[in-house]
Amino acid sequence: MKKLELGNILIHDVQFSNEGSKVENGVLYVNKEEICKIALEDENIASCEVFLARPGESVRITPVKDVIEPRVKVEGKGGIFPGWIAKVDTVGEGRTHVLKGAAVVTTGKIVGFQEGIIDMSGPGADYTPFSKTYNVVVKMEPVEGLKQHEHEYALRIAGFKIACFLGELGRNVTPDEVKTYEFDNIVESAAKYPNLPRVAYVQMLQSQGLLHDTYVYGVDAKKTLTTIITPTEVMDGAIVSGNCVSSCDKNPTYVHMNNPVVTDLFEQHGKTLNFVGMIITNENVYLADKERSSNWSAKLAKYLGCDGVIISQEGFGNPDTDLIMNTKKIEAEGIKTVIITDEYAGRDGKSQSLADADPSADAVVTGGNANQVIVLPPMETVYGHLEFVDTIAGGSANNIDAHGNITVEIQAITGATNETGFNYLSAR
Amino acid sequence: MKFVIVTNNPRVRDELGKEFEVDFADITYREVLCKVRDMIYGGHKLLTHPLSGSVKPNETPYKSILVDKRWGKMDPQDASIIENSIITADKFSVKFPEMPDSVREDFQLIDTTLIKSALMSIPEIF
């Protein structure tokens, strides 16, 4: 049996400090120079600025590159973000401390149509989960002439390093709460819960190219075969984000670490179902890759003896084809599926929601309609680059009026229609 | 070489044209999809998904698609994918008729990385 304890140190404020960064009485104190020193270790980063953004403030952060939760491994093998910051030891056991309520938000211009808006107050704040976190915003600019691939890499790694630096501050702090996640191997769980339905989670990972990639233990997901991962491994940062285009339905690293499908399946494990494992599969551009990967999803679901699976998609358009291939092939093995997706149903919500469909996909949870239009009033402070709002997905030319109101589709808002359910939209 | 890259992206033409067969034309995103649709109805096999990338149709002007040069019987799944792709593309209105050159170049770059990721999946090349 594998066991991971998550020790949550509840953070209820973030402040700058001229002394060393620290966590004290639920307050995260951040020393700007320490953060910038980490960012500037990379010779490709020319400048770094640090800002703080708290829930309720009149602050807009854009374009968001990634959101990362500060964590530290205090017991057990390996470290957070294996393959990037830590070595590639298998993680997911022992004890991990979490600065729960805090987040590192990286921002910086990589391409001219970049996006991702987090409003800390106003109507936009209701659409992003990261308006509720105490955010350490790190704005980094590259050296002149840096290619976009290296730029993306530099921002991504700097974000992980800074999150680990902040996470380390919680190593010796007594957590406010400890959550325990126990995971049996398939023989043990079959013996323990012979009468419960066997359910696995199939997570689809975006894997198509620059700003469209995901990494598993440091490996580019587009170069992987569909495989099995222990659900507690993702809590230690085994899966990280390298994508941020159309940010409403992309998983920032924070979402991978806090995947609600995983935590909800753990919650039901041993009660209404037997959570037998997690299958990760990619979403490549090449059609033969889609066929192979979905074949393997079905094969592994059958191998685990599943009665049912939950499939979450990442993105829209060509991943709809991966989603339907996974669903059809898994259903053909006699395994029930529930899929989690989002919709591009037009601004009036009347168009066909997905670019592919099949009668076997008859149990669907939606993260919302990404074409839904919202007007975002101006904020007193903008961290990042507002000029990109004109050219982001969901924006349109001259979409800022004389009063500074921005009219966008919610696809521009980070996490608005997240397809793991890590969002606020609901039909209730 | 058993495939052709159908594209309207000049960067793909310039960067990949020496090594691979590139069918470049200065046409719209939708016209690239229609050109590929006609090839599929002619019996060519679709090799990459036409809606590759998260940059939305009509947000980016550029599209590159890999198609098998050999032809045989039409594949109904390919026909379904390309037809659904055209329907999907038509849902998105053209957003930036006057795009700055720097943004245009970034869209060209992203389309190039998407098609390169597909080329990496072809065993006989890499």
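Helix H2 (residues 29-41) of chain B lies across strands S1, S2, S3 and S4 of chain B and runs at about 150 degrees to S1(B). Helices (H or I, at least four residues) and strands (E, at least two) are DSSP runs, numbered from the N terminus. Angles run from 0 to 180 degrees between N-to-C directions, and axes are lines fitted to C-alpha atoms, for helices over the stretch in contact. This is a predicted model, in which local features need pLDDT of at least 70 and side-chain atom pairs count only at pLDDT 80 or more, while totals for chains, interfaces and linings use all residues. Residues are numbered from 1 along each chain as its sequence is written, chains are lettered from A and ligands numbered from 1 in the order in which they are written, and side-chain values use heavy atoms, with hydrogens and water left out.

**The sheet of chain B**

- In chain B, four strands form an open sheet with mixed pairing, in the order S2-S1-S4-S3; two strands pair if DSSP finds at least two bridges between them.
- At the edges are strand S2 (22-24) and strand S3 (44-46) of chain B, and each pairs on one side only.
- On average, neighbouring strands here are turned by 30 degrees against each other, direction ignored.
- Five bridges link strand S1 (residues 3-7) and strand S4 (residues 64-71) of chain B, which pair in the antiparallel sense.
- Contact means heavy atoms within 4.5 Å.

**Confidence in chain B**

- The mean pLDDT of chain B is 90, and 93% of its residues reach 70 or more; pLDDT is the predictor's confidence in each residue, from 0 to 100.
- Among the elements of chain B, S2(B) has the highest mean pLDDT (98) and helix H3 (residues 76-91) the lowest (92).

**Where the chains meet**

- On chain A, 44 residues are in contact with 33 residues of chain B.
- The two chains bury about 3100 Å² between them, 62% of it on carbon and sulfur atoms. Buried area is the accessible area (1.4 Å probe) that two parts lose on being put together, summed over both.
- Which residues of chain A lose the most area to chain B? They are A:Phe113, A:Tyr286 and A:Leu287, together 22% of what that side buries.

**A sheet in chain A**

- Four strands of chain A form an open sheet in the order S8-S9-S1-S13, again with mixed pairing.
- Strand S8 (71-75) and strand S13 (177-183) of chain A are the edge strands, each pairing on one side only.
- Neighbouring strands of this sheet are turned by 25 degrees against each other on average, direction ignored.
- Strand S1 (residues 2-10) of chain A runs antiparallel to S13(A), and seven bridges join them.

**Backbone details in chain A**

- Most residues other than glycine have a negative phi, and most peptide bonds are trans.
- A cis peptide bond joins A:Thr62 and A:Pro63, with omega about -5 degrees.
- A:Pro63 sits in the loop between strand S6 (59-62) and strand S7 (64-68) of chain A.
- A:Tyr217 is not a glycine, yet has a positive phi of about 50 degrees.
- A:Tyr217 lies in the loop between strand S15 (212-216) and strand S16 (219-220) of chain A.
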